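I opened this notebook to record what I looked up in one structure. The entries follow the order in which I checked things.

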Amino acid sequence: MRSLRDRLLGVVVLALLVALWQIVANLKLVSPVYLPGPDRAFTALVHGLAASDLGAKLMGTIEHMIEGWLLASIAGIALGALIGASSQARAFIAPTLEFLRPLPASAIIPVAIAVFGLSPAMALGVIAFGAIWPMLLATIHGFAAVEPRLYEVAAALRLSRPAVIFKIALPSALPDILAGLRLGLTVALILAVVCEMIAGLNGLGNWVLLSARMFRSADLFAGVILLGAVGFVGALALNIAERRLLAWRAP
Amino acid sequence: MTAETATKELGAARLAGADARRGGAGRDALIEFAGVSLAFAGKTVLDKIDLSIAKGEIVCIVGPSGCGKTTALRLASGLLAPSAGAIAFNGAPLQGPRRDVAIVFQDYGKALLPWRTAAGNVSLALEAAGTPRKARPQRIGALLAKVGLPNHADKYPSQMSGGMQQRLQIARCLAQEPIALMMDEPFGALDAMTRQELQDELLDIAAASGATIFFVTHDLEEAIYLGDRVIGLLPHPGRVGIELKIDLPRPRDQVATREAAQFLRLRRELYDFIKSAER
């Protein structure tokens with residue numbers, strides 16, 4: 001748990017950066033066409049949310065991110081559990097994973113477009129494909145790293161196979177899985193924006209791209225600020241979940 | 001069990017248990033090894049072990065490292081199957097771990113679920129046995145009280161000392177309502193005071209429940225103090241080298257028993273055996 005002082009310092013640093021941004025904009029060190037000050041960006045943000053469809057774009061991005069992330073999480077944890085629980089499966093599947101994992105998710109966008117067209121299904125597929133890796137690899141690692149003694153305890157108690165998975169392996173792998181969930185959420189946000197830009201789906205990616213093309217830099221920055229906020233709130237929510245779920249790790 | 005009242009309550013049961021125990025090898029065998037051998041990767045770990053443990057008996061296994069005493073315990077608990085020979089439990093062939101046989105591991109820190117509280121860890125055994133949800137809290141409370149942890153139900157293992165963690169593991173094992181306890185150097189990692197406390201609590205539990213105990217230790221005095229019988233193994237390959245019947249009166253006492261002439265004589269005999277075995 002961070003102290004109040006650290007938190008205050010964090011806010012101060014952020015405020016200083018915003019002030020610096022305002023000074024640079026006011027001095028016109030960068031042309032106002034490209035760089036609005038925080039004042040103009042904030043006005044554009046409020047106006048966009050109140051009078052334009054920025055709110056709908058925000059919801060679109062959140063929806064794309066969460067749907068892809070959930071699909072990736074469910075598939076990643078289930079597959080990871082299957083692979084991680086068996087050393088044989090790990091040996092068989094590891095080479096394939098090593099080949100697929102470093103593949104940039106953006107590289108499969110053309111493939112996904114060919115298969116799904118410029119549709120929400122394409123975005124869902126690409127986001128899920130990109131976000132599944134941290135989850136999958138973390139879950140495999142978590143399941144493979146379960147203390148062997150606990151499996152003996154389970155054998156001595158004659159726990160059923162599902163009970164071993166849900167009462168021993170899954171909770172034991174939970175710290176790894178949560179780390180994977182967090183990384184996966186970041187990837188999901190990035191890919192949601194990329195898909196919105198490329199496929200013209202309703203979302204902040206699309207808003208940012210169009211604003212840039214029309215030299216509406218204040219609108220562009222309003223979108224970027226919202227994207228930052230989405231990432232921040234997502235990480236915060238996972239932090240809170242982690243603190244609750246892993247309370248037993250506190251000394 | 002540290003409370004005096006509990007000890008008093010157990011007094012009668014302890015005497016009854018001790019009487020029953022006197023019968024020794026003549027009574028019904030609970031666990032029987034007949035020519036049991038075990039080989040790992042071509043290396044013989046245990047060679048033709050014959051061993052009979054009577055119901056209610058406390059048998060301690062000692063021996064130099066590498067003699068296969070932990071392996072013998074794993075065979076007796078069904079975690080391992082012999083390469084040759086047969087193991088019978090209650091007259092029937094032993095086919096893997098049994099719910100009425102509880103195993104107390106030495107590394108209590110690894111044998112507990114760190115994400116569950118003390119109550120949750122005890123609950124695991126009850127869940128495995130299919131105890132109804134409603135009946136669990138009361139049983140858990142009684143078991144934690146029995147091992148001297150009545151006020152620690154909500155603590156996580158990481159918040160407990162080594163002695164408390166081992167007590168907790170014993171509580172989980174008792175939740176299995178075992179007829180036999182398999183204990184693999186359970187007190188080896190604890191400080192001397194805690195070890196003696198737990199030895200006496202174990203004897204109280206054994207007397208009250210009549211459970212058979214198979215106890216592996218490297219501490220010769222502990223073996224004599226606890227056991228009805230002490231079996232010394234020889235290494236390379238592991239085989240029975242000595243068998244001592246311990247006729248020290250029960251209940252045993254940390255001071256008086258350890259000062260008894262017979263205790264010292266047995267200790268000398270066992271010590272000489274270990275010395276010669278290591279040579």
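**Entry 1: chain A in outline**

I began with the terms: helices (H or I, at least four residues) and strands (E, at least two) are DSSP runs, numbered from the N terminus. By that rule I read chain A along its sequence as α-α-α-α-α-α-α-α-α-α. The secondary structure of chain A comes to 10 helices and 0 strands. I noted that the C-alpha atoms of chain A fill a box of roughly 70 × 55 × 30 Å, taken along the principal axes.

I also wrote down the ground rules. This is a predicted model, in which local features need pLDDT of at least 70 and side-chain atom pairs count only at pLDDT 80 or more, while totals for chains, interfaces and linings use all residues. Residues are numbered from 1 along each chain as its sequence is written, chains are lettered from A and ligands numbered from 1 in the order in which they are written, and side-chain values use heavy atoms, with hydrogens and water left out.

**Entry 2: two helices of chain A**

Two packed helices are described by the angle between their axes and the distance between the axes. I looked up helix α3 (residues 54-84) and helix α4 (residues 87-100) of chain A, whose axes come within 7 Å and cross at roughly 120 degrees. Here axes are lines fitted to C-alpha atoms, for helices over the stretch in contact, and angles run from 0 to 180 degrees between N-to-C directions. Contact means heavy atoms within 4.5 Å.

Which residues of α3(A) and α4(A) meet? I found A:L82, A:I83 and A:G84 on the side of α3(A), and A:A89, A:R90 and A:I93 on the side of α4(A). By class, this contact has 4 nonpolar, 1 polar and 1 charged residues.

**Entry 3: the domains of chain A**

Domain bounds come from an automatic or database domain assignment. For chain A I have domain 1 (1-30) and domain 2 (36-249). Their centres, taken over C-alpha atoms, are separated by 29 Å. The contact takes 5 residues from domain 1 of chain A and 8 residues from domain 2 of chain A.

These two domains of chain A bury about 490 Å² between them, 69% of it on carbon and sulfur atoms. Buried area is the accessible area (1.4 Å probe) that two parts lose on being put together, summed over both. I counted 0 salt bridges between domain 1 and domain 2 of chain A; a salt bridge is a side-chain nitrogen of Lys or Arg within 4 Å of a carboxyl oxygen of Asp or Glu.

**Entry 4: the domains of chain B**

Chain B is divided into domain 1 (1-61 + 78-100 + 179-279) and domain 2 (107-177). I found 17 residues of domain 1 of chain B in contact with 16 residues of domain 2 of chain B. The area buried between them is about 1,200 Å², of which carbon and sulfur atoms give 60%.

How many salt bridges lie between domain 1 and domain 2 of chain B? The count is 2. I looked up the one between B:E197 and B:R167, where the closest N and O atoms are 2.9 Å apart. On the side of domain 1 of chain B that touches domain 2, β7 (180-184) and α7 (192-209) of chain B are the elements that give two or more residues. The largest share of that side, 5 residues, comes from α7(B).

**Entry 5: chain A against chain B**

Last I checked the two chains together. In this interface 16 residues of chain A are in contact with 24 residues of chain B. About 1,900 Å² is buried between the chains, and carbon and sulfur atoms give 64% of this area. In chain A, the residues that lose the most area to chain B are A:R149, A:L157 and A:W248, together 34% of what that side buries.

The rule finds 3 salt bridges across the interface of chain A and chain B. A:R149 forms a salt bridge with B:D107, with the closest N and O atoms 2.8 Å apart. The elements that give two or more residues to the side of chain A are α7 (148-157) and α8 (161-199) of chain A. α7(A) gives the most, with 7 residues.

The side chains of A:R149 and A:E152 meet in a salt bridge (2.8 Å, N to O). Both residues lie in helix α7 of chain A, 3 residues apart, about one turn of the helix.

Technical notes:
Ala, Val, Leu, Ile, Met, Phe, Trp, Tyr, Cys and Pro count as nonpolar, Asp, Glu, Lys and Arg as charged, and the others, Gly among them, as polar.
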